[in-house]
Amino acid sequence: MKLEIIGKKMLYFGFIIFALTLFTTKSGLDSSVTLISIGFLFLWINNKKMYDFYGEKCLKQFNFLVILFLFLCSISLFFAIDKISATKRFVIIIGYFGLFYGILNIKEISFIKKIFNIIVLIAIFETLVSVLQFFFNFDILGRKIIPFPDRAMGTLGYPNDLGISL
């Protein structure tokens with residue numbers, strides 16, 4: 001029972017951190033995904049039965065495909081030219097599945113709506129930052145130099161770090 005309470009708290013706290021750090025820091029995102037994934041594992045270890053709103057056969061097939069996909073991804077690490085980058089990407093992929101299974105374990109719809117609303121507000125802000133940079137060469141965050149005039153930098157300071165906008 002204690003493992004379930006710890007797992008639930010980690011899951012909720014992880015999603016709050018995820019929503020609040022989505023556009024500000026990569027370490028916040030990494031920490032939140034880790035908390036969510038570990039929280040999910042604690043819940044899974046505790047009751048072994050999760051997300052009961054789909055059919056059992058559908059879940060078994062989906063879980064089999066997830067395991068197969070992750071297995072093939074792990075094999076591809078051996079053939080990667082840049083093993084460090086490939087390993088980082090593999091860890092990120094595992095984190096996505098942690099987020100997915102984590103959200104399936106949250107039963108309170110009001111909490112999911114709050115997290116969703118925060119993410120929507122962040123997406124609107126990121127889009128505003130991107131549009132101002134791209135069309136007006138103006139950075140709302142006060143940075144003087146935009147090294148890629150044909151691309152928006154995003155709030156994390158690199159063209160690919162646009163959070164969930166564009």
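Leaving aside neighbours within four places in sequence, S37 is in contact with G95 and G98 (contact: heavy atoms within 4.5 Å). S37 lies in helix α2, residues 26-47. S37 is buried, with a relative accessible area of 16%. Buried means under 20% relative accessible area, exposed over 50%, and partly exposed in between, with a 1.4 Å probe and protein chains only. The model is predicted: local features need pLDDT of at least 70, side-chain atom pairs count only at pLDDT 80 or more, and totals for chains, interfaces and linings use all residues. Residues are numbered from 1 along each chain as its sequence is written, and side-chain values use heavy atoms, with hydrogens and water left out.

A search of the whole structure finds four aromatic pairs. Rings of Phe, Tyr and Trp (its six-membered ring) pair if their centres lie within 6.5 Å; planes under 30 degrees apart count as stacked, over 60 as edge-to-face and the rest as tilted. F40 and Y101 form a stacked pair, at 5.3 Å centre to centre and 15° between the planes. This pair links distant parts of the chain. F40 sits in helix α2 and Y101 in helix α4 (residues 83-104), 61 residues apart. Both F40 and Y101 are buried. Ring pairs link F40, F100 and Y101 into a cluster.

The chain has five helices and zero strands. Helices (H or I, at least four residues) and strands (E, at least two) are DSSP runs, numbered from the N terminus. Of the 166 residues in the chain, 35% are buried. Among contacts between residues at least 6 apart in sequence, 59% join residues at least 24 apart.
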